[in-house]
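Work through the exercises below with the coordinates open. Each task is followed by a solution in steps.

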Amino acid sequence: MRTEAQALRNDREARPDRVRAHSSQLQNQRIDAQTRQCLERYAPSDREAIGRHIETLDREWDVERYLQMNAGIVSLSGLVLGALASRRFLIVPAVVFGFFFQHATQGWCPPLPVFRKIGVRTRREINREKYALKALRGDFEYESPDSPSEQEERSCAGPLQQ
Amino acid sequence: LDLEAQLRIRDAAESASTDELTRRIAQLDNEWDFDRAVETEAALMGLLGLGLAVVIDKRFLALTAFVSSMLVLHATHGWYPLLPLFRRIGVRTQDEIDRERYGLKALRADFTALPPAGSRASERAAAAWKAVCE
């Protein structure tokens with residue numbers, strides 16, 4: 001347990017993921033727990049099964065994508081209502097883009113907790129699962145870690161393997 | 001950009017110490033990715049359009065509308081009008097940044113502690129999780 005807590009702390013210090021920093025700890029933990037369950041499920045699997053799962057991870061929508069979609073649609077609806085109904089609806093795009101700017105710079109905006117609650121992950125979280133699976137698949141194994149050229153080859157090739 | 005990253009990893013393989021690798025990984029973690037650049041730019045342009053609409057002419061709302069639809073386009077299709085510009089100044093996607101990051105982690109020998117295939121699944125999964133979190 002201690003090493004787990006330590007790994008988590010290391011992670012937070014080493015990787016300033018701005019979305020994670022602004023999500024509730026409970027939501028982060030739940031997302032991490034799901035990733036770990038998935039790793040356990042795939043640890044004994046063969047290469048093809050892991051490869052297939054990595055492909056679905058590459059296709060998974062991350063939280064930025066949901067937020068961009070959401071901001072675009074809400075702001076457009078505000079503009080349309082502003083043009084058709086009342087100019088006061090123009091406050092909608094103003095608020096949306098204001099918060100969107102806050103999200104880009106600081107990492108928090110009002111819809112974020114909702115997306116986190118339904119389990120939408122950041123690209124970094126998705127990639128963490130992906131590279132853990134690649135390690136399980138043996139993509140990073142090499143015979144002699146002392147020879148730099150071989151090391152380099154594996155380090156370049158490991159992350160690229162599909 | 002891929003080539004540059006590959007050269008940096010080759011460089012690191014030849015000379016870098018563990019501390020140096022750790023420092024580079026921390027640098028990568030602070031790098032602004034493409035989504036973040038797009039979001040900042042879109043928010044500023046959207047607000048600019050609204051501001052100009054209020055102060056000068058309401059036709060500037062077209063700018064806000066354009067930015068909003070481009071955001072939806074980027075989310076669904078991955079294309080964005082400023083994509084070539086951002087790429088030229090070297091903004092990378094999070095996937096590209098992470099590829100370099102985990103390459104450096106492999107060099108730092110973060111993945112060597114994995115129990116061999118055939119040992120208990122839960123142990124291997126825990127070790128892999130620890131390796132990516134470090």
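**Exercises on charged pairs and cysteines**

Arg23(B) counts as partly exposed, at 45% relative accessibility. The model is a predicted one.

**Exercise 1.** Find which residue forms a salt bridge with Arg23(B), and state where the two lie.

Solution. Step 1: the partner is Glu20(B), with the closest N and O atoms 3.2 Å apart. Step 2: both residues belong to helix H2 (residues 18-29) of chain B. They are three residues apart there, about one turn of the helix. Step 3: Glu20(B) is partly exposed, with a relative accessible area of 24%.

**Exercise 2.** Determine which parts of chain B are tied together by the salt bridge between Asp2(B) and Arg99(B).

Solution. Step 1: the closest N and O atoms of Asp2(B) and Arg99(B) are 3.7 Å apart, which means the pair falls within the 4 Å cut-off for a salt bridge. Step 2: Asp2(B) sits in helix H1 (residues 2-15) and Arg99(B) in helix H6 (residues 94-107), so the bridge ties together parts 97 residues apart in sequence. Step 3: Asp2(B) has a relative accessible area of 44% and is partly exposed; Arg99(B), at 26%, is also partly exposed.

**Exercise 3.** Decide whether Arg121(A) and Glu129(A), a salt-bridged pair, are buried or exposed.

Solution. Step 1: their closest N and O atoms are 2.6 Å apart. Step 2: both residues are buried.

**Exercise 4.** Count the disulfides over all chains.

Solution. Step 1: the count is zero. Step 2: for Cys38(A), the nearest cysteine sulfur is that of Cys133(B), 14 Å away. Step 3: a disulfide needs sulfur atoms within 2.5 Å, so the sulfur of Cys133(B) is too far from that of Cys38(A) for a bond.

Terms used
Residues are numbered from 1 along each chain as its sequence is written. Chains are lettered from A and ligands numbered from 1 in the order in which they are written. This is a predicted model: local features need pLDDT of at least 70, side-chain atom pairs count only at pLDDT 80 or more; totals for chains, interfaces and linings use all residues. Side-chain values use heavy atoms; hydrogens and water are left out. A salt bridge is a side-chain nitrogen of Lys or Arg within 4 Å of a carboxyl oxygen of Asp or Glu. Buried means under 20% relative accessible area, exposed over 50%, partly exposed in between (1.4 Å probe, protein chains only). Helices (H or I, at least four residues) and strands (E, at least two) are DSSP runs, numbered from the N terminus.
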